[in-house]
Amino acid sequence: MNKKELLSGLVLAALVIGLVMLGWLPVANAIGLVGVAFLAWFFRKEELSPWIKTGLFLLLVPLAFWVASYEPQGFAYPLLLSLAGDAGEPARYELSVDFAKGIAGFLLLYLLWPKRMANEWVADKWISALFVLLASLIIIGVAILVLGLQWQPKPIEQILQFAAVSLLITCLAEEVFLRFLFQHNLRNAVASVTANRALQEIIPLVLVTCVFVAIHSGLSGAAVWVYALAGFLYGLSYTLGKHIVYPIALHFLVNQIHFSFLTYPL
């Protein structure tokens with residue numbers, strides 16, 4: 001461990017301890033974050049054998065998802081905003097600051113930044129940026145048509161609050177999980193058995209799209225297909241640009257347009 005990693009570890013430890021003391025982070029999740037950091041730090045080492053890497057992967061994935069999603073009974077993350085329901089009804093949507101999910105996302109972003117494969121094809125930056133813009137319009141357009149979303153603009157204060165949490169926690173964490181943990185590693189696994197570049201890209205993309213739909217539990221009917229489209233295009237933006245900024249930007253744009261101007265939640 002070098003000085004930079006040691007300093008980063010100390011900053012992480014101080015942050016986690018501070019959040020626990022404030023009551024903004026469950027102790028169980030804090031312990032889990034230490035485990036995520038430890039496993040990810042080992043997992044990134046290139047000299048490890050495939051069997052050890054596989055074992056670490058099978059430990060890291062469920063632990064990371066557990067840390068990001070577990071909320072002990074009686075605990076609640078700080079509430080940032082609430083959208084009022086109908087008269088006499090509870091709030092139709094509440095946004096809390098899920099510190100465990102956010103920290104796990106930044107941890108994996110820092111520790112698992114992938115190296116590109118030799119002679120890897122990467123789209124020009126302007127193509128990837130244009131794809132992000134067009135894909136966001138496609139997803140929103142399909143959602144409006146299929147799900148019947150209505151015009152429902154929100155106050156600017158709520159739009160800014162949602163944007164901060166969506167970008168720094170929701171989109172960053174979910175895309176880092178899916179691209180760095182799954183899509184990148186699945187691509188490497190497929191590359192170990194076939195030299196066909198198309199299969200190396202398509203198989204992980206399809207599998208990770210299924211994972212994206214699966215982690216958004218509670219979906220039914222047409223919503224499943226809208227989320228499948230969104231998940232596929234998020235993954236495709238990473239396939240084209242080979243950089244995490246593109247799926248994060250696309251995911252953020254879709255979430256932000258949906259929340260800011262349309263019926264939310266579904």
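Is Ile-103 buried or exposed? Here are my notes, starting there.

1. Ile-103 counts as buried because its relative accessible area is 10%, under the 20% cut-off. Bear in mind that this is a predicted model.

2. As for where Ile-103 sits, look in helix H4, which covers residues 99-111. Setting aside neighbours within four places in sequence, you'll find Ile-103 in contact with Leu-12, Leu-15, Val-16, Leu-19 and Leu-33. Ala-129 is another matter: 26 residues separate Ile-103 from Ala-129 along the chain, and their C-alpha atoms are 27 Å apart.

3. Now the largest pocket, which holds about 1200 Å³ of space. Its lining is made up of 39 residues, and those closest to the centre are Lys-101, Thr-170, Glu-174, His-216 and Tyr-264.

4. Several elements supply at least two lining residues each, among them helix H3 (50-69), strand S2 (93-96), helix H5 (125-147) and helix H7 (197-215). Helices H8 (222-241) and H9 (245-261) are on that list too. H6 (156-191) also belongs there, and H6 gives the largest share, eight residues.

5. On confidence, the average pLDDT for the protein is 93, and 98% of the residues score at least 70. Helix H1 (residues 3-22) has the lowest confidence, with a mean of 89, while H9 has the highest, at 98.

Notes: Residues numbered from 1 in each chain as written. Predicted model: local features only at pLDDT ≥ 70, side-chain atom pairs only at ≥ 80, totals over all residues. Heavy atoms only, no water. 1 Å grid on protein atoms, 1.4 Å probe; cavity = no way out; pocket = protein on both sides within 12 Å on 5 of 7 lines; lining within 4 Å. Points joined across faces, edges and corners; volume = space filled by probe spheres on them. Helix = DSSP H or I, 4+ residues; strand = E, 2+ residues; numbered from the N terminus. pLDDT = per-residue confidence, 0-100. Buried < 20%, exposed > 50% of the residue type's maximum accessible area, 1.4 Å probe, protein only. Contact = heavy atoms within 4.5 Å.
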